[in-house]
Amino acid sequence: MISDLVLQMTSVAIMLGLAILAIVLSRSKLATPVIYGATLVVSAAGLIGAIGFLLGDSSSSDLTLPIGLPWLGAHFRLDALASFFLIIVNLGGASASLYGLGYGRHEPTPFRVLPFFPAFLAGMTLVVLADDAFSYLLCWEFMSLVSWALVMTHHRAAGNARAGYIYLLMASFGTLALLLAFGLLAGPAGNYAFSAIRAAQHTPYVAALVLVLMLLGAGSKAGLVPLHVWLPLAHPAAPSHVSALMSGVMTKVAIYGFVRVVFDLLGPPTWQGSVVVLFLGSITAVMGILHAMMEKDLKRLLAYSTIENVGIIFVGLGLALAFKSNAMPAAAALAMTAALFHVLNHSIFKSLLFFGSGAILTATGERDMEHLGGLIRGMPLTAFTFLVGCMAISALPPLNGFVSEWLIFQAILLSPDVPSWGIKLIVPAVGVMLALSAALAAACFVKAFGVSFLGRPRTTVAAGAKEVDRWSLAAMFILAGLCLLIGIIPAPIIDALAPVVNTLVAEHMPLQFANRWLSIVPIAESRSSYNGLLVFLFITVSTLAAIEVIHRFASRAVRRGPAWDCGFPDQSPATQYTAGGFAQPIRRVFSPLFDAREDVVMPAPGDTAAARLTVRLRDLTWEMLYAPVGGAIWFAAEKLSYLQFLTIRKYLSLVFALLVILLFFLMLVMLVWS
Amino acid sequence: MVLILDLITQGAQMMLVLILAPLLLGYTRKLKARLLRRQGPPVLQPYRDLLRLIRKEAVLAENASWLFRSGPYLIFAATWVAAALVPTFAVQLQFSWTADLIALTALIGSSRFFLALVGMDVGTSFGGIGSSREMMFASLAEPAMIMIVFTLALLAGSTQLSVIAEFMQAHTSLRVSLGLALIALVIVALAENARIPIDNPATHLELTMVHEAMVLEYSARHLAVLEFAAALKLLLYLSLIACIFMPWGLALAGGGLEAYAIGLVSYLGKLAVGGFLLALFETSIAKMRVFRVPDFLGIALMLGLLGMLLLFVSRSF
């Protein structure tokens, strides 16, 4: 209905108004609670509106505003797909605002965050609503620029300026790719409205080129390897609730762009395209999580893990593309549902984990895990929610991350029926990469939680950490509750996704809500089923039964004593395993992928100096792709700098020579032509 | 009425795995000792150990957190639920559709996740080394397990363990992919249960230990529960191998008491054979260096992938 679209547009307008209000209020103490409170209310309203739309009739509605290009106007449209991503944006926005009510008070320079925060939310909403290429690109650029401003909040901190610069470069590159993609889609006639693009027939070459350009454009924003290099720099640089929005929500908006163009606008796909998507997706998943495993900065670890999850989502999208191109709509619906479900799940637990890292930052001022440890004792509530997030992102039942990964595995198991050989050969490899990334994710988050929250405090700040404020805790508990709730009752989410999936692959998964005990059954019960509710109940009941039996019939006596540690307890917390030490076995197993070098310098016998272990890791995409490109640009710039300081006479003669050469060339062309 | 009977059968299976798990451990230990020409502890020794441990006063490290105290119970519960979902004497029990083989693998993953975490809780170097190595092994063993699941699922057209077992019972033919899957599953089972050549369940105070290092700080009832969970996990993997690769005698859905009795006897026979083979294997091989283990597990991963690839090419392999 049109009223839903009007509601969303109104919320955008209010958000933009709030951005201006924030500038006006910039030096006032009231600014932080007013702005975050208002964004919380507006996002919550948008969230309820989007959910109502998706669960209601979800018939699309359009709106054309007389702004933008005079012959085009600005088209906006709300349909099932847009409303699903609006749920993601608004859920992220609402939880980040709630968190910001507490976290924002510790911000030393609130006037650098407050105007951009609502504008960022407005930008993301507009990208999802845009219905013509021009307003889409405009909103996309707005979103990029505003998020860049947020990345630069603490621009004096070491490395942040470089992060912002690289982000800006990669964002411009991505927009360039999108510009070309939309140019190709609009064709020579130049009709930029999505409805016209959807109706047009695209030749296979154009379709293939658009797919590649979308992978470059949307993929660079989402963090697809090898375009991911900016992401682990920029996401952690922003304040934590903005990091949560960038990782949890903005990457999803990029994925929305990919889905919108490739599944909705582009027409029937070819299977070759899906091979590329599957390949990139699986490489992204494994490389992302391996780099996360090696990281000792908590926020960078989370950013790398975002790359992994984007890879998983792209694997799901690639499978959907493969099935769709081979006319297997039911399987395509399963893969698409899995991918979109993972979009929702990742936005929830990644926001939760970034909030947790922000809470640690508030309590200790540290992001480096080697300076943390033992926080579970000072911050038990944060520790609990962070643990739930870690379990969910490691795809452990009965939490939500497992459900979407399980659905993707089920989709993989359908792919031997695909007739195309290319897909048959790549899918087993994709399966093993996905399984590997899931297992590595568990290792990575054992490390993240174990090193920061467990063990003994490694520094005095970690020892003195106190629980954070109630607003932040409320946001974290709501998201942790959602992780559990969606994990044990996933059926309503799958059913709610049905209209979205229907518009994309012309089929949807069987409705799940009527299954007995709320199981999920993707195809048939004899084939596969999973029931998170029962798994949760069984585990809870058997845990309680075990505790009850042992406490009642045996002993519940407890004595506290010094740690045993095989009889050699060492008082120094430096004897604990560190983040680097924890990752060492996996680093050795996968060392060629990082070109890892370990050098041990042993002092000579009799020398009492300490031995030193130096570890060097390299991001090979940086070395092999970006460094040569950067080098070439530098080389060309140096050579051309000769042209910079010439006399005016030389410039004039250069221009004259160039004109003569051009005319000569033109003459040659004319001769050959005739 | 039918529902109540089904519930009773499911409950019986839950209790059966609980009762059998320490027995299997004691039996394997006894066999290993006899193979080494030692007398060995009595077969019932694990029960006595568990009973003695749960009666004792628990000693906690001064800085142990709530996770340290609740972790063992969660690990135990997750392992127990997983073990109870593997068909032992009968297939298609009331709740067998709760979790398929992928979910089962992930459930074991959940218990391992907590085990690795509680190993790091007190902040000793032994706990860290155990957790770190356990997760390294798991990062290869779990994908290998998923590949095995895929191989079986492609053959049987289902990831439900009961359906797979029924399929294997109905189609007893030699297949290349099944052979590969069996070898891979045995390797994974050895790694998951910290058996030789991956880890030595009888060792203590050795820098190479993995599982024992993680539970080093535990005492009394917490230790008992963790040991119980380890025993359940061993039983789980033997039951898994038995129900997939030796499905003979499994009672079908609604089989009646007679079928259940046959199923139970054959299940005990399979466990006896499995335990014997395990003891024989463990006494005839030496433990590996830690960084040989990834190669060993890599074999499992490659075999699993190969089996799956063969089935992607043709279902007849």
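This short talk walks through a predicted model with chains A and B.

Some ground rules. Residues are numbered from 1 along each chain as its sequence is written, and chains are lettered from A and ligands numbered from 1 in the order in which they are written. Because the model is predicted, local features need pLDDT of at least 70 and side-chain atom pairs count only at pLDDT 80 or more, while totals for chains, interfaces and linings use all residues.

Let's start with the layout of chain A. Its domain assignment lists domain 1 (1-187), domain 2 (268-549) and domain 3 (620-673). Those bounds come from an automatic or database domain assignment. Take the centres over C-alpha atoms, and domain 2 of chain A and domain 3 of chain A are 50 Å apart.

Now the interface. 71 residues of chain A are in contact with 75 residues of chain B. Contact means that the C-beta atoms of two residues, placed from the backbone, lie within 7 Å. Which elements of chain A give two or more residues to that side? They are helix 14 (375-378), helix 15 (380-393), helix 16 (400-412), helix 17 (421-453), helix 21 (532-553), strand 3 (558-561) and helix 22 (579-589). Helices (H or I, at least four residues) and strands (E, at least two) are DSSP runs, numbered from the N terminus. Helix 17 of chain A gives the most, with 14 residues. By type, the side of chain A that touches chain B has 44 nonpolar, 18 polar and nine charged residues. Ala, Val, Leu, Ile, Met, Phe, Trp, Tyr, Cys and Pro count as nonpolar, Asp, Glu, Lys and Arg as charged, and the others, Gly among them, as polar.

Strands also link the chains. Strand 3 of chain A runs parallel to strand 1 (residues 58-61) of chain B, and four bridges join them. Strands pair if DSSP finds at least two bridges between them.

Chain A has a pairing of its own. Strand 4 (residues 597-601) and strand 5 (residues 612-616) of chain A are antiparallel, over five bridges. There, Asp599(A) has Thr614(A) as its bridge partner. A residue is buried if 20 or more other C-beta atoms lie within 10 Å of its own, exposed if 12 or fewer, and partly exposed in between, with C-beta atoms placed from the backbone.

Now go to helix 4 (residues 101-121) of chain B. In that helix, 21 of 21 residues are buried. Its length agrees with expectation, because 21 residues at 1.5 Å a residue should span 30 Å and the end C-alpha atoms are 31 Å apart. The expected span is 1.5 Å times one less than the number of residues. After the helix comes Gly123(B), with a positive phi near 85°.

Last, some backbone details. Val225(A) and Pro226(A) are joined by a cis peptide bond, omega about 5°. Pro226(A) sits in the loop between helix 8 (204-222) and helix 9 (231-237) of chain A. Chain B has a cis bond from Ile196(B) to Pro197(B), omega near 5°. Pro197(B) is in the loop between helix 7 (176-192) and helix 8 (211-214) of chain B.

Two alanines have positive phi: Ala395(A), near 60°, and Ala220(B), near 50°. Ala395(A) lies in the loop between helix 15 and helix 16 of chain A, and is buried, with 28 other C-beta atoms within 10 Å. Ala220(B) is in helix 9 (residues 220-245) of chain B. Ala220(B) is buried too, with 22 other C-beta atoms within 10 Å.
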